[in-house]
Amino acid sequence: MQEFLIDLFGNFGRIIVFIHVVSAAFLLGSMIMIRFIIKPTLMAIDDEAMRYDRCIQILNKYTYYIFGAMIILISASLTMSVGLGFEYANPTMFSMIHVKEAMWVFIAFNFAYMYTKLVNARRLYKKRNFFEVHENLGLIVNFLIPLNIILTLISAYMGVIIRGF
C-alpha cells in the first residue's frame with residue numbers, strides 16, 4: 001500500500017496537492033459562509049418555525065457537502081503524507097504532521113457531533129419544541145462551527161509550514 005501511494009503521489013503530486021488545497025478552501029469558506037452570512041440572514045426571519053425549518057434544511061444539505069469535502073481532504077492528505085515520505089523526514093516535521101492529523105480527527109468528530117445535534121433538532125422540530133431546537137442549532141452555529149473555523153485556520157497555517165513556504 002505504501003509503495004502504491006508513493007507511486008501515486010510521484011505521478012500525480014501536483015494534482016493531489018491542488019485537490020487538497022481546494023477542498024480545504026471549500027471547507028473553510030463554507031464554514032465562514034454559514035456562520036457569518038447565512039446565520040444573520042436567517043435571524044432576520046420573524047417567524048420562528050420558518051427560521052428553524054430553513055436552518056435545519058440548510059444544515060442538512062451542508063452536512064452532505066461537509067462529509068464529501070472531508071473525505072476528499074483526508075484522502076489527499078494521507079496520500080501526501082505517505083507519498084512524500086514524511087516518516088523519514090525531520091522528526092519535528094513528522095510530529096507536526098501528527099498534530100495536524102490529530103486536529104483533523106477532532107474536526108471530523110466535531111462535525112459528527114454537529115450532525116447528531118442536527119438530527120436531534122430535526123426530531124424536536126417535528127414535536128414543535130422550539131426551545132430545544134434553538135439550543136441545538138445555537139450550539140452548532142455559535143460554538144461548533146466557529147471552533148472548526150479556528151482549528152481549520154490553524155491546520156492550514158501548519159500545512160503552509162510543513163510544505164515549506
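Of the 165 residues in the protein, 40% are buried. The model is a predicted one. Its mean pLDDT is 89, and 96% of the residues reach 70 or more.

**Overall build**

The protein has four helices and zero strands, so that the order of elements from the N terminus reads α-α-α-α. Along the principal axes, the C-alpha atoms fill a box of roughly 55 × 25 × 20 Å. Among contacts between residues at least 6 apart in sequence, 79% join residues at least 24 apart. The accessible surface comes to about 9,800 Å², and carbon and sulfur atoms account for 70% of that surface.

Helix α1 (residues 2-43) has the lowest mean pLDDT among the elements, at 88. The highest, 93, belongs to helix α4 (residues 130-163).

**Nonpolar cores**

The largest nonpolar core holds 38 residues. Those that touch the most other members are Leu27, Met31, Leu59, Phe111, Leu137 and Ile140. The elements that give two or more residues to this core are α1, α2 (48-83), α3 and α4. Apart from it lies another core, of five residues, including Phe9, Val17, Ala76 and Met80.

Leu137 can be taken as an example from the largest core. Leaving out residues up to four places away in sequence, Leu137 touches Tyr52, Cys55, Ile56, Leu59, Leu118 and Ala121. Leu59, one of these partners, is also listed with Leu137 among the residues that touch the most other core members.

**Individual residues**

| Residue | Relative accessible area | Class |
|---|---|---|
| Asn110 | 6% | buried |
| Leu124 | 8% | buried |
| Gly13 | 12% | buried |
| Arg128 | 51% | exposed |

Asn110 is placed in helix α3. Because its relative accessible area is 6%, Asn110 counts as buried. Beyond residues up to four places away in sequence, Asn110 touches Leu144, Leu147 and Asn148.

Leu124 is also found in helix α3, which spans residues 91-126. With a relative accessibility of 8%, Leu124 is classed as buried. Setting aside neighbours within four places in sequence, Leu124 is in contact with Asn129, Glu132, Val133 and Asn136. Phe94 is 30 residues from Leu124 along the chain, and the C-alpha atoms of the two are separated by 45 Å.

Gly13 has its place in helix α1. Its relative accessibility is 12%, and Gly13 therefore counts as buried. Between Gly13 and Lys117 there are 38 Å from C-alpha to C-alpha, and the two are 104 residues apart along the chain.

Arg128 lies in the loop between α3 and α4. What is the phi of Arg128? Its value is positive, at about 65°, although Arg128 is not a glycine. Arg128 is classed as exposed because its relative accessible area is 51%, and the cut-off for that class is over 50%.

Note on methods: Residues are numbered from 1 along each chain as its sequence is written. This is a predicted model: local features need pLDDT of at least 70, side-chain atom pairs count only at pLDDT 80 or more; totals for chains, interfaces and linings use all residues. Side-chain values use heavy atoms; hydrogens and water are left out. Buried means under 20% relative accessible area, exposed over 50%, partly exposed in between (1.4 Å probe, protein chains only). Contact means heavy atoms within 4.5 Å. Accessible areas come from the Shrake-Rupley method with a 1.4 Å probe; for residues, only the protein chains shown count as cover. pLDDT is the predictor's confidence in each residue, from 0 to 100. A nonpolar core is a set of buried Ala, Val, Leu, Ile, Met, Phe, Trp, Tyr and Cys residues joined through side-chain atoms within 4.5 Å.
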